[in-house]
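Dear colleague,

I am handing over the structure we talked about, and you will find it just below.

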Amino acid sequence: MRAIPKKMILTAGPSRSPDDLVYVTDAVRHGWNFHHSDYIYKFEEAFAKYLGCNHALSVSAGTHALHLALVLSGIGKGDEVLIPDLTYVACSNVVHYTGAKPVFVEVDRRTWSIDVSKVEKYITKNTRVIMPVHLYGNVADMEGIARIAKKHNLIIIEDACEGLGCKLNNKMIGTLSDAAAFSFQGAKLLAIGEGGMLVTNRADWDTRARSLADHGIDFNRQFWVKEIGYMYPMSNIQAALGLARLEDIENLISRKRKIFSWYKEGLKHTAGIELNPERAELYSSYWMSSIILSPDLPISRDELRKKLRASNIDTRPFFFPISMFQLYDQKKVSNPVAYELASRGVNLPSGVMLEKSAVGYICQVIHRLLKT
């Protein structure tokens with residue numbers, strides 16, 4: 001058994017892309033006055049081209065991209081938005097910002113997102129939007145969601161903040177909806193510290209979103225404001241770093257997929273756990289390599305995390321079901337799968353620079369702890 005490492009093996013961490021310093025230094029030196037948005041435009045154009053969509057708008061956070069998408073959807077007080085119960089609270093908070101009501105839907109064990117077989121029981125005359133979340137690099141059943149959305153005339157907004165680089169039936173995540181949001185927060189696949197991107201194929205939405213993200217200004221009349229907006233811009237320097245790392249995206253995805261393969265091999269003889277579901281139609285970027293513990297194990301999820309930390313292995317629990325917080329005006333829900341996954345899920349160290357030897361050590365420790 002390898003000795004405990006001197007430093008904590010963290011769950012996430014970015015890489016250094018070849019042109020990081022080149023682009024950022026150029027933005028610092030020359031990205032002012034007539035060139036204040038050069039890298040913003042380059043980043044947006046490159047991102048849209050990478051996804052194969054028509055429009056991409058850089059913003060200050062993935063949460064802000066989600067908020068803008070909901071505003072563009074025209075929802076407000078009295079409307080309802082369907083979101084998976086198992087996700088981060090940002091999804092429900094942005095619904096609340098608009099005055100609409102988040103409705104917490106049961107999740108599917110296979111996708112970790114909205115359960116298509118059950119979602120219609122949550123739909124009412126007030127439902128306007130369905131917001132699938134691609135959790136930890138897993139991907140929602142977008143074909144099933146599209147069928148339901150068409151049947152009930154619903155708008156689809158993808159929360160793809162954790163799904164960059166994933167493909168479903170060879171189609172890029174973020175292009176399977178009316179609009180989608182991505183995050184570049186410091187732990188994400190494309191990490192620039194903070195930031196996000198709103199993407200859509202609708203030219204009218206892109207035009208209005210650009211105004212809304214800049215206080216609702218009229219771009220044809222200086223300082224004239226058309227509607228109440230927000231202040232959601234990305235800086236030119238952030239965009240420079242984003243562009244550099246986007247140019248290295250295939251290498252980042254390859255690293256993530258390799259890390260998952262190391263875990264799969266290292267834990268194949270460890271009883272009582274399941275790794276990220278692998279579906280034939282899904283090409284995952286594996287933002288997080290994750291395990292779900294069996295209820296029959298002699299150790300709880302939280303006890304395992306505590307013992308892993310004592311071995312200098314950092315982990316994350318799965319998100320709590322949002323319905324547990326009782327923050328919104330909500331009815332009592334019964335979503336047993338969401339609650340079960342939340343209580344048994346663990347995200348393992350998954351930073352793109354993680355070495356095979358570190359993954360081997362983690363697998364050895366997990367195997368030993370689950371045998372005792």
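Thr111 counts as buried because its relative accessibility is 0%, where buried means under 20% relative accessible area, exposed means over 50%, and partly exposed is in between (1.4 Å probe, protein chains only). Thr111 lies in the loop between strand S3 (101-105) and S4, and, leaving aside residues up to four places away in sequence, it touches Asn138, Val139, Ala140, Asp141 and Arg279; contact here means heavy atoms within 4.5 Å. Helices (H or I, at least four residues) and strands (E, at least two) are DSSP runs, numbered from the N terminus.

Please keep in mind that this is a predicted model, in which local features need pLDDT of at least 70 and side-chain atom pairs count only at pLDDT 80 or more, while totals for chains, interfaces and linings use all residues. Residues are numbered from 1 along each chain as its sequence is written, and side-chain values use heavy atoms, with hydrogens and water left out.

Helix H5 (residues 142-152) has Met142, Gly144, Ile145, Ile148 and Ala149 buried. These residues cover an arc of only 155 degrees around the axis, so they are on the same side of H5, the arc being that of the directions from the helix axis to the C-beta atoms. The exposed residues Arg147, Lys150 and Lys151 are carried by the face of H5 turned away from its buried side. Strand S4 (127-130), strand S5 (155-159) and strand S6 (167-168) are included in what covers the buried residues of H5, and just after this helix Asn153 takes a positive phi of about 55 degrees.

S6 also belongs to an open sheet of 3 strands, in the order S7-S6-S11 with antiparallel pairing; two strands pair if DSSP finds at least two bridges between them. Its edge strands, strand S7 (171-172) and strand S11 (282-283), each pair on one side only. Between S6 and S11 the antiparallel pairing runs over 2 bridges, and Leu168 stands opposite Leu282 in S11.
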